Structures are given as C-alpha cells and as structure tokens.
Amino acid sequence: MTGSLQTKNGKYFVVLSYKDFSGKWKQKWVGTGLEAKGDKRRATEFMPQIVGEHAQMEVYLAKGEILFADFLKYWLESKRDKIELSTWEGYKVYTEKHTMPYFRSKGLTLTELSPRHFVDYYNYEF
C-alpha cells in the first residue's frame, strides 16, 4: 500500500493505492481534515500514519480477524468524506450508541458473523 498527498475542495487528502483481493489496483481517498493552504507540512507528517493504519486494517480484513465493532468504526470513517455531513453524523451516533456496543459485547469477528446475529441484534433493539 502506498500513499500520496492530494488536494480536493481546499483540503488535503491522502490517496491510498493498493491491490484488492482479486489483484486489481484500487484507490481510496482519506481526508486529513487539514486545509490546503498552510498545512502541507502537517499533512505530509500525517500521511505515514494514515497509510500505516489502513495497511494494518487491510491485513485484518483479508484475514477476517477484525471485530465487527472495529470494522464498523473503520467503515464509518471511510464514509466521512463521501456522504453529507448530517447523514454521516446520524450514522455515527447510531453506530456508536447502539450497534458497536452490542456487537463488541458479543466479540464477533467478520468471519464469525452470520445472518442469525443480525436477526438477534434487530430483536434486541426492537
């Protein structure tokens, strides 16, 4: 996995390039939250951390060893710059208050999940 620094809409993004499970090259844009004017040094210093975190997450995802609750957090962050802020904030509140605590208490990894777990969660919330 490699990363490069790009600007979009006046903000810095780290563009991650990696091969997916089928061997195809993919790109993922990760927001730094830093303004394009005056924050290049900070964005450059922040880039290795972002690349490292996402590379580690890709290893966990490939092996299926990540807890579903941790995957939800990762997924939520990946959607931050792709959907409206109000929608993202709604997702964040719901997942942090309801979904993540429930599944964290179960200790389920992605590979252990089955449809039955989601039915149980739905019944729990209902």
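Lys28 counts as buried, because its relative accessibility is 12% and the cut-off for buried is under 20%. This holds for a predicted model. Lys28 is found in strand E3, which covers residues 25–35. What does the side chain of Lys28 make a polar contact with? The partner is the side chain of Tyr74, at 2.7 Å. Leaving aside neighbours within four places in sequence, Lys28 touches Val14, Val15, Leu16, Tyr18, His54, Tyr74 and Ser78.

Now step back to the whole chain. It has four helices and three strands. In what order do the elements run from the N terminus on? The order is β-β-β-α-α-α-α. Along the principal axes, the C-alpha atoms fill a box of roughly 50 × 35 × 20 Å. The chain has 126 residues, and buried residues make up 30% of them. Take the contacts with a separation of 6 or more. Of these, 45% are between residues 24 or more positions apart.

Next, look at the loop between strand E1 (2–8) and strand E2 (11–19), where Asn9 sits. Asn9 is not a glycine, yet its phi is positive, at about 50°. Is Asn9 buried or exposed? Asn9 counts as exposed, because its relative accessibility is 74% and the cut-off for exposed is over 50%.

Move on to the helices. Helix H1 spans residues 40–63, and Pro48 has its place there. Pro48 is exposed, since its relative accessible area is 54%, and exposed means over 50%. How far apart in space are Pro48 and Leu76, C-alpha to C-alpha? The distance is 21 Å, and the two residues are 28 apart in sequence.

Two packed helices are described by the angle between their axes and the distance between the axes. Here the pair is helix H2 (residues 68–79) and helix H3 (residues 85–106). Their axes come within 9 Å. They cross at roughly 170°. Why are H2 and H3 described as roughly antiparallel to each other? Angles over 145 degrees count as roughly antiparallel, and the crossing angle is roughly 170°, so H2 and H3 fall into that class.

Which residues meet in this pair? From H2 come Phe68, Ala69, Asp70, Leu72, Lys73, Trp75, Leu76, Glu77 and Lys79. From H3 come Trp88, Tyr91, Lys92, Thr95, Thr99, Met100, Phe103 and Arg104. The residues of this contact divide into nine nonpolar, two polar and six charged.

Pick out one of them, Thr95, in helix H3. Thr95 is buried, because its relative accessible area is 9%, and buried means under 20%. Which residues does Thr95 contact, leaving aside its neighbours within four places in sequence? They are Leu76, Met100 and Pro101.

Finally, consider confidence. The mean pLDDT of the chain is 84. Of its residues, 91% reach 70 or more. Which element has the lowest mean pLDDT, and which the highest? H1 has the lowest, at 77, and helix H4 (residues 115–125) has the highest, at 95. Where pLDDT is low, the predicted coordinates should not be read in detail.

Conventions: Residues are numbered from 1 along each chain as its sequence is written. This is a predicted model: local features need pLDDT of at least 70, side-chain atom pairs count only at pLDDT 80 or more; totals for chains, interfaces and linings use all residues. Side-chain values use heavy atoms; hydrogens and water are left out. Helices (H or I, at least four residues) and strands (E, at least two) are DSSP runs, numbered from the N terminus. Buried means under 20% relative accessible area, exposed over 50%, partly exposed in between (1.4 Å probe, protein chains only). Axes are lines fitted to C-alpha atoms, for helices over the stretch in contact, and angles run from 0 to 180 degrees between N-to-C directions. Angles under 35 degrees count as roughly parallel, over 145 as roughly antiparallel, 65 to 115 as roughly perpendicular and the rest as oblique. Contact means heavy atoms within 4.5 Å. Ala, Val, Leu, Ile, Met, Phe, Trp, Tyr, Cys and Pro count as nonpolar, Asp, Glu, Lys and Arg as charged, and the others, Gly among them, as polar. pLDDT is the predictor's confidence in each residue, from 0 to 100. A polar contact is a pair of N or O atoms within 3.5 Å; within protein, one must be able to donate a hydrogen and the other to accept it, and residues adjacent in sequence count only if both atoms are side-chain atoms.
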